[in-house]
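Hello,

Here is the structure for you to look over. My notes follow below it.

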Amino acid sequence: MKITREEISDTAVKLFLDKGYNNVTIQDICNELNITKPTLYKYISNKEDLILDLYDSTIDHLVKDTYKLVDSDSHYQQLLIVFSTLIKDTKKYGYDLFSQMFIANLKENRHSFDMRDNLTKLCIIIIKKAQEQKEIHNLSNPEILYQALAHTFTGHEALWCIKKEEKCFDESFYLSMNALLEVDPAYQDLYKEYL
C-alpha cells in the first residue's frame, strides 16, 4: 500500500483531536492507517513530527485563497481576515495540540513558530497599504509591525494553552492588534465581525 506523509499527518491529527495527543500511540496511528511501524518511520521520526507543521497548511491555504482578501472593504480588514483564519484553525486544533507543538519547540527549536516568507510578504504589503490609506496610524516599518503582530499572536496563543481555556483568545488579540497598529477609530470595531 502506497502512503504519503500528508495522509499519515492527517490521520494522526484526527486521532489526536478525538482521543487527545497523549492518549494516541504510534501503534494507534499505524493501526488506523493499516501500516507497520517501520513504514511509518520512513516518513517521521517520532509523534511530535506530526504536529510541527500545523501552521503551514493554514498559511498555504490562506496565501493561495487571496480572493477573500481582494473582496474585503479595507486593507485593515485584510489583516483581520489573515489573523481570523489563523485563529479559526487554532480553535479547530485546540490547545492540546498547540501545547504539544510549544513543548516540542521548547525542547529543540523545530521552527514551527518561524515567520513564513509568503505570509510575511503578504502582510507587509497589506500593512503598507493600510498606512497609506490612513486606516492605521502607526507608521513604523511594516516589517517590524508584522513581526510584532505575529509575536503578539503567539503570546496570546501560548497563554491560551497554559490556561487551557475553552474560550479562545481572539477578542483580546484583536484589541492588542488595534492598539499596536493604532487603528483609525472608523475601523476599530471591525474585528467584531470575526468573533
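What pattern does the protein follow, read along the sequence? The pattern is α-α-α-α-α-α-α-α-α. The protein has nine helices and zero strands. Helices (H or I, at least four residues) and strands (E, at least two) are DSSP runs, numbered from the N terminus.

Two points on the source. This is a predicted model, in which local features need pLDDT of at least 70, side-chain atom pairs count only at pLDDT 80 or more, and totals for chains, interfaces and linings use all residues. Residues are numbered from 1 along each chain as its sequence is written, and side-chain values use heavy atoms, with hydrogens and water left out.

Overall layout

The C-alpha trace spans about 60 × 35 × 30 Å along its principal axes. The protein has 195 residues, and 47% of them count as buried. Buried means under 20% relative accessible area, exposed over 50%, and partly exposed in between (1.4 Å probe, protein chains only). Take the contacts with a separation of 6 or more: residues 24 or more positions apart account for 70% of them. Contact here means heavy atoms within 4.5 Å.

The core

The largest nonpolar core has 61 residues. Such a core is a set of buried Ala, Val, Leu, Ile, Met, Phe, Trp, Tyr and Cys residues joined through side-chain atoms within 4.5 Å. Among the residues with the most contacts inside it are Phe-16, Phe-83, Leu-119 and Leu-181. Helices α1 (5-19), α2 (26-33), α4 (54-64), α6 (75-107), α7, α8 and α9 (170-181) each supply at least two residues. Helix α6 gives the most, with 14 residues.

Leu-181 touches Tyr-76, Leu-79, Ile-136, His-137, Asn-138, Leu-145 and Leu-149, not counting residues up to four places away in sequence.

Helices α7 and α8

Two packed helices are described by the angle between their axes and the distance between the axes. For α7 (residues 117-132) and α8 (residues 142-163), the axes come within 9 Å and cross at roughly 115 degrees. Axes are lines fitted to C-alpha atoms, for helices over the stretch in contact, and angles run from 0 to 180 degrees between N-to-C directions.

On the α7 side, the contact is made by Leu-119, Thr-120, Cys-123, Ile-124, Ile-127, Lys-128 and Gln-131. Helix α8 brings Pro-142, Glu-143, Leu-145, Tyr-146 and Leu-149. By class, this contact has eight nonpolar, two polar and two charged residues. Ala, Val, Leu, Ile, Met, Phe, Trp, Tyr, Cys and Pro count as nonpolar, Asp, Glu, Lys and Arg as charged, and the others, Gly among them, as polar.

Cysteines

How many disulfides are there? The count comes to zero. A disulfide is a pair of cysteine sulfur atoms within 2.5 Å. The closest cysteine sulfur to that of Cys-161 is in Cys-168, and because it is 9.5 Å away, it is too far for a bond. Cys-161 counts as buried, at 4% relative accessibility. Cys-168 also counts as buried, at 9%.

Ser-84 lies in helix α6. Its relative accessible area is 15%, so Ser-84 is buried. Ser-84 touches Tyr-174 and Tyr-194, leaving aside residues up to four places away in sequence.

Leu-195 sits in the segment after α9. With a relative accessible area of 49%, Leu-195 is partly exposed. Beyond its neighbours within four places in sequence, Leu-195 is in contact with Asp-170, Glu-171 and Tyr-174. Leu-195 and Lys-14 are 181 residues apart in sequence and 25 Å apart in space, C-alpha to C-alpha.

Best wishes
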